[in-house]
Amino acid sequence: MREKLEQLKCCAMAAIAAASSVDALQDIRISLLGRKGELTSLMKGLGSLDPAERPVVGQLVNSVRDEIEAALGSALESAQNNFIATRIQAERIDTSLPGRRAQKGTKHPVSLVIEEICSIFAGLGFAVAEGPEIEHDWYNFEALNFPPEHPARDMQDTFFVENNLLLRTHTSPVQIRTMLKQKPPVRIIAPGTVYRCDSDATHSPMFHQIEGLMVDSRVTFGDLKGVLTVFTNQLFGQKTGVRLRPSYFPFTEPSAEVDIACVICGSKGCRICKNSGWLEILGAGMVDPEVYRHVQYDAENISGFAFGMGIERIAMLKYGISDMRLLFENDVRFLRQF
Ligand code: PHE
């Protein structure tokens, strides 16, 4: 028994000294001191010894166990320290290495123009409003005074979805949503994506508009022209001439198409302005009383104007882009230039 104990201690110490990892040491602990471990089974053998020998051998077993435990304890501690030290070494950041440059994209020209226009109108006290791209017929048409079957709907090349749902053809439904939510005074700008079934060098089935709406107790057509003049001067440069031509929209009366002096040729006449010296950039007008009726505004005591413009067209004019499709092909060689 004594011999066995001596031998076991020897082997155990050698194994502990040879083990290099925390896991290996845990395994050794289990194989020696665990419930079915070698030392544990030796201790169970104590019962078969001569009663006189029992206490002596018992003591010996205890001291062997203490020694093994002490050796295991210190080996575990240093294995753990080693493990941490190697990890710190391996994961240390070398601050002398040159940095990895992040691949930065650029903002899309359409986004740039939206941001610029919103910030110009923010300066005039307009808040930003938004609405859904899948819209009810009622908001896109009916409340804007396009009765069912009205021929004005024909101009809108609508993508219908189902059950009176459609892809909004303009941002004008945001006028309705805003007026239903708040009482006058209203001064909002509503940028967003709109859809029309139309596609060529100057039309895309998906494009962007910015809507404007101002309603208060005494808003006039003069205010509309003033706001649009300040706006176009800021967007295209000082003293860009603005011209209003009579037009028709069901939800404004009177209505106007708004032109700016051609920024490409300086009004001399070129291919882009079709030799007229003017470029049409937006539709506008005084909000029709019929629209106020749909949102329960008191048409007798308020007045207001609305306008809507296509962003792609403005981006094309501003950056001299000749084909609208370039804006949506997402060729990075094109997009990187902005
Ligand atoms: N929603 C109109 C269009 O897309 C533009 C517009 C907006 C006209 C607001 C007048 C007032 O054609």
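User: What makes helix α1 and helix α4 roughly parallel to each other?

Analyst: The axes of α1 (residues 2-18) and α4 (residues 54-91) cross at roughly 0° and come within 10 Å. Angles under 35 degrees count as roughly parallel. The two helices are therefore roughly parallel to each other. This is a predicted model.

User: Which residues of α1 and α4 meet?

Analyst: On the α1 side they are Arg2, Leu5, Leu8, Lys9, Ala12, Met13 and Ile16. On the α4 side they are Val56, Val57, Leu60, Val61, Val64, Glu67, Ile68, Ala71, Leu72 and Ala75. By class, this contact has 14 nonpolar, no polar and three charged residues.

User: Why is α5 called roughly perpendicular to α10?

Analyst: Their axes cross at roughly 100°. The range for roughly perpendicular is 65 to 115 degrees. That angle therefore makes α5 roughly perpendicular to α10. The axes of α5 (residues 109-123) and α10 (residues 311-319) come within 9 Å.

User: What makes up the contact of α5 with α10?

Analyst: α5 brings Pro109, Val110, Leu112, Val113, Ile114, Glu116 and Ile117. α10 brings Ile311, Glu312, Ile314, Ala315, Lys318 and Tyr319. The classes are 10 nonpolar, no polar and three charged residues.

User: How many residues surround the ligand, and which are the closest?

Analyst: 14 residues surround the ligand. The closest are His170, Ser172, Arg196, Gln209 and Glu211.

User: What distance lies between a polar side-chain atom of serine 172 and a nitrogen atom of the ligand?

Analyst: It is 2.8 Å. A polar contact is a pair of N or O atoms within 3.5 Å.

User: Which oxygen pairs does the ligand have with arginine 196 and glutamine 209?

Analyst: A polar side-chain atom of arginine 196 lies 2.9 Å from a ligand oxygen atom. For glutamine 209, a side-chain N or O atom is 3.0 Å from an oxygen atom of the ligand. Taken alone, the ligand exposes 330 Å², and the protein buries 92% of that.

User: What is the phi of glutamate 149?

Analyst: Glutamate 149 has a positive phi of about 70°, although it is not a glycine. Glutamate 149 lies in the loop between α6 (137-140) and β3 (165-167).

Notes:
Residues are numbered from 1 along each chain as its sequence is written. This is a predicted model: local features need pLDDT of at least 70, side-chain atom pairs count only at pLDDT 80 or more; totals for chains, interfaces and linings use all residues. Side-chain values use heavy atoms; hydrogens and water are left out. Axes are lines fitted to C-alpha atoms, for helices over the stretch in contact, and angles run from 0 to 180 degrees between N-to-C directions. Helices (H or I, at least four residues) and strands (E, at least two) are DSSP runs, numbered from the N terminus. Angles under 35 degrees count as roughly parallel, over 145 as roughly antiparallel, 65 to 115 as roughly perpendicular and the rest as oblique. Contact means heavy atoms within 4.5 Å. Ala, Val, Leu, Ile, Met, Phe, Trp, Tyr, Cys and Pro count as nonpolar, Asp, Glu, Lys and Arg as charged, and the others, Gly among them, as polar. A residue is near a molecule or strand if one of its heavy atoms lies within 4 Å of it. A polar contact is a pair of N or O atoms within 3.5 Å; within protein, one must be able to donate a hydrogen and the other to accept it, and residues adjacent in sequence count only if both atoms are side-chain atoms. Accessible areas come from the Shrake-Rupley method with a 1.4 Å probe; for residues, only the protein chains shown count as cover.
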